[in-house]
Amino acid sequence: MRALFFWLAGLTLPSLLPHLPDWHLVAALAVMLCPWRRVGPKTWRQGCLLAITFLLALAWSLWRAESRLAEAQALGPAGTAVEVVGTVRGLPDPGEFGVRFALEVEQVLEGPAGMPRRVLVSDYRGGHWPAGSRWQLKLRMRPVAASANPYGFDAERWMWSEGWLATATVRKGALRLADAADGQSFIDRLRDRVRQRFLHVLEGSAAAGLLGALTVGAQGDLPSSAWRDFAATGTSHLVSISGLHITLAAGWVGWLTARLVRRFPPPGVAPRTVVVVAAWIAALMYALLAGFSVPTQRSVLMLGVAAVLLLLRRPLPPLRLWAIALAAVLTADPFAVLAPGVWLSFGLVAVLIWSGQAVVGLPWWRRGLQAQWAVTVASVPLLAGWFGQLPLVSPLANALAIPFATFLLTPLALLAAAVPAEGLTVLAGWLAEQGLWGLHQLARLPTWPVPGLPAPLWLALLAGAVWAVLPAGWTARLWAAVLWLPVFLWRPPAPLPGTMQVTVLDVGQGLSVLVRTARHALLYDTGAGEASRVVVPQLQGLGLSRLDTLLLSHHDSDHDGAAASLLAAFPVRQLWGAQTASAPGQPMTRCVAGQTWQWDGVRFEVLWPPAVGGASDDNAHSCVVRVVGRNGAVLLPGDAPAAVEATLVARHGPALASTVLVVGHHGSRTATSGVWLEAVRPRLAIISAGALNRYRHPHPDVLGRLAAHGVAVARTDCQGMLTLTLEAGGPVVEGYRDRAARYWRRHCPR
């Protein structure tokens with residue numbers, strides 16, 4: 001058992017490293033230790049064996065990681081044009097910005113020879129890309145690049161764990177070829193027919209999307225409102241086909257097969273063998289129907305290991321069986337350590353096994369309550385660490401939703417997928433509607449946002465959870481509260497009076513700046529898309545429960561696109577903006593030059609726009625704000641162009657001087673003129689731009705002007721979320737990519 005855990009530790013370690021050591025050296029060290037196995041006392045030999053186990057697992061994981069890195073680096077620079085022949089795999093996902101689909105590259109006609117075999121392709125024109133169709137395509141390639149923030153969904157982590165090494169956009173001139181006729185294309189077309197039948201019979205409702213997600217893995221048809229309800233109730237795991245669903249299918253088929261072989265015993269074959277093989281085949285078929293995604297592959301492998309051990313009649317303790325299954329999954333796919341779902345599923349199964357040892361002989365309802373208690377308590381550190389919130393209604397929601405999905409909705413949905421009878425689909429759709437309605441009611445109850453915890457506090461939370469589920473008396477379990485109490489009382493330290501902390505969120509190609517004083521918080525712009533993707537998780541992770549002011553600089557989607565969803569999801573006391581179109585229907589205070597206010601000794605000055613005239617386009621309406629604290633000033637110009645900069649220099653001159661300048665228009669050459677820099681005289685310039693953005697911001701001319709004026713530069717596209725502190729000795733800035741460097745994160749040359 002100890003050797004298994006050392007093997008798991010070796011597989012896991014590389015995911016935490018900023019750079020990878022040479023796997024050859026690690027393997028050589030393991031070989032050098034081999035002769036010592038038979039020398040010395042027993043404890044020494046055991047220690048050497050454990051060290052060799054750890055080093056071999058580490059070398060295997062490092063080799064896999066280095067191979068994947070080499071494949072990603074062979075792609076070439078961003079924007080490389082290629083022409084390929086490929087097949088559409090899986091189900092195309094119609095999103096808010098066009099259609100996205102997986103392309104399996106068969107042949108490279110023009111471009112680098114080291115093309116990844118699988119590419120995630122986007123067509124912003126929204127074309128028709130049927131499952132299993134083959135194409136000759138011209139693509140513009142891009143290495144995997146995403147925003148990097150400490151809280152919420154980590155797209156880079158997810159893409160690396162799923163094996164996506166490149167993305168691409170479709171260029172004009174796509175030529176459709178003869179459709180693929182292989183087995184995977186047949187399954188994909190079958191999945192698409194099931195999905196389209198659900199959408200047709202149920203008229204594209206949310207219920208149709210839920211049935212498609214539960215049967216064929218088509219999650220793209222679920223509306224964003226349903227996803228918000230799943231997140232608020234902690235039931236998102238029920239929608240993503242993974243271990244729970246695969247095990248459910250295997251369990252149902254195994255139970256039915258066991259009943260059949262009792263009545264009709266198979267000649268010459270042990271009934272146990274028939275049941276185990278039938279259950280595993282059912283798991284494999286369900287995984288194929290769901291698209292055989294990486295999580296379903298891991299689940300099938302886990303069940304396969306358990307099936308082999310059962311067929312071999314090896315009487316293993318449950319925890320050892322659990323460790324063997326986890327070791328098999330991580331050995332086959334070392335990148336699975338980056339997937340939260342793996343640790344959530346395996347962690348909660350371990351808790352159920354551990355807590356179940358103390359309830360043998362108890363009535364079924366006592367065992368059920370004990371299992372629910374153990375899962376609820378054990379999920380607290382996992383949900384707090386991975387997702388930054390604790391849905392207080394989650395235990396109730398899961399206690400109702402899991403049996404509902406397990407025994408009613410999913411079996412009926414699978415039956416409706418297999419039998420093309422409209423009545424079955426309508427019945428399954430009605431049941432799905434009731435489930436969605438119930439979750440929506442539960443989602444109205446409050447959640448408990450958990451600020452980002454320092455490592456010692458998170459370890460205390462984990463230790464308290466382990467203590468609480470130990471098979472001991474209730475008096476002993478109450479001591480777990482001693483470990484948990486500091487966690488729920490802790491809040492990130494606020495700035496001192498007269499000082500401020502500025503956080504530039506990495507919202508991609510956009511802008512969102514949080515300015516905090518001792519007792520107040522202002523958010524300058526929101527970026528684009530849904531606020532739940534980046535902005536809300538960061539605000540909650542930073543310990544905020546409300547915003548005093550949301551200030552929208554001007555009406556442009558990359559500055560105010562997430563405003564409506566933020567106002568719906570997060571408390572905001574007052575809304576300011578330069579243009580009412582930024583938040584239609586919301587009471588707003590217009591941003592006008594000359595307005596000032598003070599919070600906790602920090603002064604806020606609005607320098608632009610004027611009360612009347614002076615603005616020819618949206619960018620020229622930008623609300624320019626200067627924030628002055630004890631140790632310096634920060635200037636926020638939005639997208640104000642060079643003409644506005646010149647006007648402000650003429651009006652204010654040296655009064656514009658600021659320690660930090662948030663560079664206008666994401667580093668576009670339409671702003672940040674030499675005259676502006678001479679007046680502002682910043683020591684640090686911050687550029688908020690999307691990684692590998694199509695506008696190629698920041699422009700080299702802007703970077704050249706900043707360098708000529710001796711201004712240091714920090715960039716969200718290179719460093720992720722930026723945390724700025726103004727100290728007496730000057731500004732101090734820290735990037736999230738620098739603080740949490742990992743080998744699989746994008747490295748931006750400075």
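Glycine 629 stands opposite glycine 632 in E18. The model is predicted: local features need pLDDT of at least 70, side-chain atom pairs count only at pLDDT 80 or more, and totals for chains, interfaces and linings use all residues. Residues are numbered from 1 along each chain as its sequence is written, and side-chain values use heavy atoms, without hydrogens and water.

**Seven-strand sheet**
- Strand E17 (residues 624-629) and strand E18 (residues 632-636) run antiparallel, joined by five bridges.
- They belong to an open, mixed sheet ordered E15-E16-E17-E18-E19-E20-E21. Strands (E, at least two residues) and helices (H or I, at least four) are DSSP runs, numbered from the N terminus; strands pair if DSSP finds at least two bridges between them.
- Strand E15 (596-599) and strand E21 (712-715) are at the edges with a single partner strand each, so one side of each lacks a neighbour in the sheet.

**Eight-strand sheet**
- This open sheet has mixed pairing and the order E14-E13-E12-E11-E10-E9-E22-E23.
- Its edge strands are E14 (589-590) and E23 (730-735).
- Strand E22 (residues 722-727) runs antiparallel to E23, with six bridges.
- Leucine 726 stands opposite proline 731 in E23.

**Helix pair**
- Helix H10 (residues 294-311) packs with helix H11 (residues 318-332) at about 135 degrees, axes 9 Å apart. Axes are lines fitted to C-alpha atoms, for helices over the stretch in contact; angles run from 0 to 180 degrees between N-to-C directions.
- Contact (heavy atoms within 4.5 Å) involves residues including Arg298 and Leu301 of H10 and Leu321 and Ile324 of H11.
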